[in-house]
Amino acid sequence: ATHAPIHALPPLLECISLCERLSIDSLHAASITVLAKVHWLLGSTKRAKGFVKVALPLLIQHAPLGMQGDAWLLLAKCHLREAGELANQSPPSSRHGSKQTRRKTPYVRTTNNNNNRKIISLLQIALSQVEEAIVLFRQTQDVINLRQAYYIQARLFHSLPSGMGGSYTKKRNAAARKYRELNCHVLTSSSSSLFSGEFDVLALIGDGEEMERLVMERC
C-alpha cells in the first residue's frame, strides 16, 4: 500500500533474489521497477532513479508496454522531485514571491542563475520522459495512467519558461484539455480522484491561476 510501502520490501527483495538465481531477466526487471517505486514512495529519489535506469533496458526488450510506461513515468517523477528539491535550496531572492504567493507562480521564469538552469534541465528531461510514457499508455489505452501523464505534461509546459524555443502555452492547453477529457471519463465511470497519494509529486510543479482553471474545470 502507498501509505506503508516499506512492508513490501522483504517479499520484493526475495523475489529479486529468486529471479537472479534463476536468470529470469524480464521478471527481474519488473521487480526492480517495483523496488524503485517503493524507494520513491519512501522519499529516496536517488535510489529510485538508479533502479529505474538499471531496469529500463530490459523492460524495453521484454516487458509489456504498460510496464514500460510506468517506468518512464516514474523516472519523470524522480526528475520532478529533484527539481523541486533544488528549487527549495535556492536563496529567497531567486524564488518567485513570498511564501503566501509562491504557489500561484511557476518556480522557473528565468535562467539568470545556476540553480534555475539546473531546474530547467531537470524539467525538460522529465517532459521527454512523460512523453515517452504517453506514447506507451496510448497504445495500451491505459486511461488512468494516461490521465496522470497528461496532467504532469500540462504542468511541465506551464512551468517551463516560454523563451525556450517558443511558447509552451498551446501545448500546455492541449495537454490540459486531454487531461480534462480523461478525468471526466474516469470520474463518471468510477470513484477515482486526482488527488490521491499517487500524485504527491505534482506539488513540486508550480501552480498558476490559469493552469488551475484549465485542468480543474468541472465535467
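Author: A disulfide is defined here as a pair of cysteine sulfur atoms within 2.5 Å. The model is predicted, so local features need pLDDT of at least 70, side-chain atom pairs count only at pLDDT 80 or more, and totals for chains, interfaces and linings use all residues. Residues are numbered from 1 along each chain as its sequence is written, and side-chain values use heavy atoms, with hydrogens and water left out.

Reader: How many disulfides does the structure hold?

Author: A disulfide is a covalent bond between the sulfur atoms of two cysteines. The cysteine sulfur closest to that of C15 belongs to C19 and is 4.2 Å away, which is too far for a bond. The number of disulfides in the structure is therefore zero.

Reader: Is C19 buried or exposed?

Author: A residue is called buried under 20% relative accessible area, exposed over 50%, and partly exposed in between (1.4 Å probe, protein chains only). C15 has a relative accessible area of 26% and is partly exposed. C19 has a relative accessibility of 3%, so C19 is buried.

Reader: What pattern does the secondary structure of the protein chain follow?

Author: Helices (H or I, at least four residues) and strands (E, at least two) are DSSP runs, numbered from the N terminus. The protein chain has eight helices and zero strands. Along the sequence, the pattern is α-α-α-α-α-α-α-α.

Reader: Which helices do the buried residues of α3 pack against?

Author: An α-helix has 3.6 residues a turn, so residues three or four places apart point the same way. Among the buried residues of α3 are T45, A48, V52, A55 and L59. The buried residues of this helix pack against α2 and α4 (65-89).

Reader: Which residues does Q153 touch, not counting residues up to four places away in sequence?

Author: Q153 is placed in helix α6, and at 10% relative accessibility this residue is buried. With contact meaning heavy atoms within 4.5 Å, the residues that Q153 touches beyond those sequence neighbours are L127, V130, E131, I134 and A175.

Reader: What kind of aromatic pair do Y151 and Y179 form?

Author: Rings of Phe, Tyr and Trp (its six-membered ring) pair if their centres lie within 6.5 Å; planes under 30 degrees apart count as stacked, over 60 as edge-to-face and the rest as tilted. By this rule there are two aromatic pairs. The ring centres of Y151 and Y179 are 5.0 Å apart and the planes lie at 70°, so this pair is edge-to-face.

Reader: How many residues apart in sequence are the parts that Y151 and Y179 tie together?

Author: At 1% relative accessibility, Y151 is buried, and Y179 is likewise buried at 1%. Y151 lies in helix α6 and Y179 in helix α7 (residues 169-189), so the parts tied together are 28 residues apart.

Reader: What is the phi of Q141?

Author: Q141 lies in the loop between α5 (114-140) and α6 (143-159), and its relative accessibility of 67% makes this residue exposed. Although Q141 is not a glycine, its phi is positive, at about 55°.
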